[in-house]
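Below are my notes, in the order I looked things up.

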Amino acid sequence: MADNKGVDADLVIKGVSKTYPGAVHALINLSMEVKQGNIAVLLGPNGAGKTTLVECIAGLILPERGSILYRGRDLVKCPVREQIAFLFEEVENVYGYLTVEENLIYFKYLNHVAIKSGFVREYLKFLALDTKLSTEVFHLSRGMKQKLALLIALMKGTEFLILDEPTLGLDVQSRRQMFSLLKRLRDDQGKTILLTTHDMGLAQEVSDYYLFINKGRLVWEGPRSKLLELLGNEGVNLDHELPLERLFFHLMKFNDYV
Ligand SMILES: Nc1ncnc2c1ncn2[C@@H]1O[C@H](COP(=O)(O)OP(=O)(O)O)[C@@H](O)[C@H]1O
Ligand SMILES: [Mg+2]
């Protein structure tokens, strides 16, 4: 509801613009919100601006315009990174020359986090990393590294998580583990999650709220119910088609993408 904007929103992004050298307009006057306790999924083709937005929220890069409010505090002026955990895209989030266990110990001390006993053991098992404790990360598959990086992000114990392409490089089984982990974090622990993805299956399965961006602009947003209503009105047979993929192409076509 329009008059409900801002209520219960953990993250409020208002009019954010970011231009890279060479006049690359990665974000153009982008406004959006992430409500508390939701999994919000940011979808968009390559180059849409998803990672740029994540980096602006993390304070790694500064937007020229706009504000990014986390629970009322402007992250552009005053980053509060201790309250948000990030999983960044395609970067080494973990140390290759340390073992899985050494990474866990290192980040625990680095972040000064007090971890409840059993937490790490439980998640290691859940993510099928419990047999890899003494393996150097260098020898892990990309998907395993991704899962370890997620576990390290979770160890910060924040209520808000931002994950950039969390299923990148995961095999079918690990991808499923990721799906259930994300739902468990929301349903059992009340976490709020913003994730970016190309993975329509992930978006379809876990998302409460969809945000489509293209060429730095928000082109469609809405909850799952609005998405189904929209597609139903267009005569899409929801029994036979993957609605998200259909909407994605519809929006991209509308925006002169294909
Ligand atoms: N460091 C950078 N320098 C210049 N251009 C960049 C940089 N990072 C991203 N871009 C450009 O900004 C646009 C948005 O990129 P990005 O945020 O990575 O999109 P996405 O994550 O949706 O694929 C693209 O056109 C990309 O080429
Ligand atoms: Mg990206």
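This is a predicted model: local features need pLDDT of at least 70, side-chain atom pairs count only at pLDDT 80 or more; totals for chains, interfaces and linings use all residues.

I started at leucine 148, which, leaving aside its neighbours within four places in sequence, is in contact with Val94, Val100, Asn103, Leu129 and Val137. Contact here means that the C-beta atoms, placed from the backbone, lie within 7 Å. Residues are numbered from 1 along each chain as its sequence is written, while chains are lettered from A and ligands numbered from 1 in the order in which they are written.

Then I checked the largest nonpolar core and found 64 residues, with Val41, Leu148, Ala153 and Leu211 having the most contacts inside it. Helix α4 (residues 142-154) gives the most to this core, eight residues. A core in this sense is a set of buried Ala, Val, Leu, Ile, Met, Phe, Trp, Tyr and Cys residues joined through C-beta atoms within 7 Å. Buried means 20 or more other C-beta atoms within 10 Å of the residue's own, exposed means 12 or fewer, and partly exposed is in between, with C-beta atoms placed from the backbone.

**Whole chain**

I counted eight helices and 10 strands in the protein chain. These are DSSP runs numbered from the N terminus, helices being H or I with at least four residues and strands E with at least two. Of the 258 residues, 35% count as buried. I also looked at contacts with a separation of 6 or more, and residues 24 or more positions apart account for 68% of them.

**Six-stranded sheet**

I traced an open sheet of six strands in the order β6-β7-β8-β3-β9-β10, with mixed pairing. β6 (84-87) and β10 are the edges, each with a single partner strand, so one side of each has no neighbour in the sheet. Direction ignored, neighbouring strands here are turned by 15 degrees against each other on average. Pairing needs at least two DSSP bridges between two strands.

Next I zoomed in on β9 (residues 209-214) and β10 (residues 217-223), which pair in the antiparallel sense over six bridges. In β10, proline 223 is the bridge partner of tyrosine 209, and leucine 218 is that of isoleucine 213. The two strands form a hairpin with two residues between them, and lysine 215 in the turn has a positive phi of about 50 degrees.

What lies across this sheet? I found α4 across β6 and β7, running at about 170 degrees to β6. α1 lies across β3 (39-43), β6, β7 (160-164), β8 (192-197) and β9, at about 145 degrees to β7. Axes are lines fitted to C-alpha atoms, for helices over the stretch in contact, and angles run from 0 to 180 degrees between N-to-C directions.

**Four-stranded sheet**

The other sheet I noted is open too, with four strands in the order β2-β1-β4-β5 and antiparallel pairing. Its edges are β2 (24-35) and β5 (73-74), each with a single partner strand, so one side of each is left without a neighbour in the sheet. Five bridges join β1 (residues 9-20) to β4 (residues 65-70), and valine 12 has leucine 69 as its bridge partner in β4. α1 (residues 50-58) shows up again, lying across β1, β2 and β4 at about 65 degrees to β2.

**Ligand 1**

Which residues surround ligand 1? I listed Tyr20, Val24, Ala26, Gly44, Asn46, Gly47, Ala48, Gly49, Lys50, Thr51 and Thr52, each with its C-beta atom, placed from the backbone, within 6 Å. α1 supplies the largest share of the shell, three residues, and β2 and α1 each supply at least two. By class I get four nonpolar, six polar and one charged. Ala, Val, Leu, Ile, Met, Phe, Trp, Tyr, Cys and Pro count as nonpolar, Asp, Glu, Lys and Arg as charged, and the others, Gly among them, as polar.

I flagged arginine 71, not a glycine, for a positive phi of about 45 degrees. Arginine 71 lies in the loop between β4 and β5 and counts as partly exposed because it has 13 C-beta neighbours inside 10 Å. Alanine 128, also not a glycine, has a positive phi of about 60 degrees. I placed alanine 128 in the loop between α3 (119-126) and α4.

Is leucine 247 buried or exposed? With 22 C-beta neighbours inside 10 Å, leucine 247 counts as buried. Leucine 247 is found in α8 (residues 243-254), and its C-alpha is 9.5 Å from that of tryptophan 220, 27 residues apart in sequence.

Terms used:
Two residues are in contact if their C-beta atoms, placed from the backbone, lie within 7 Å.
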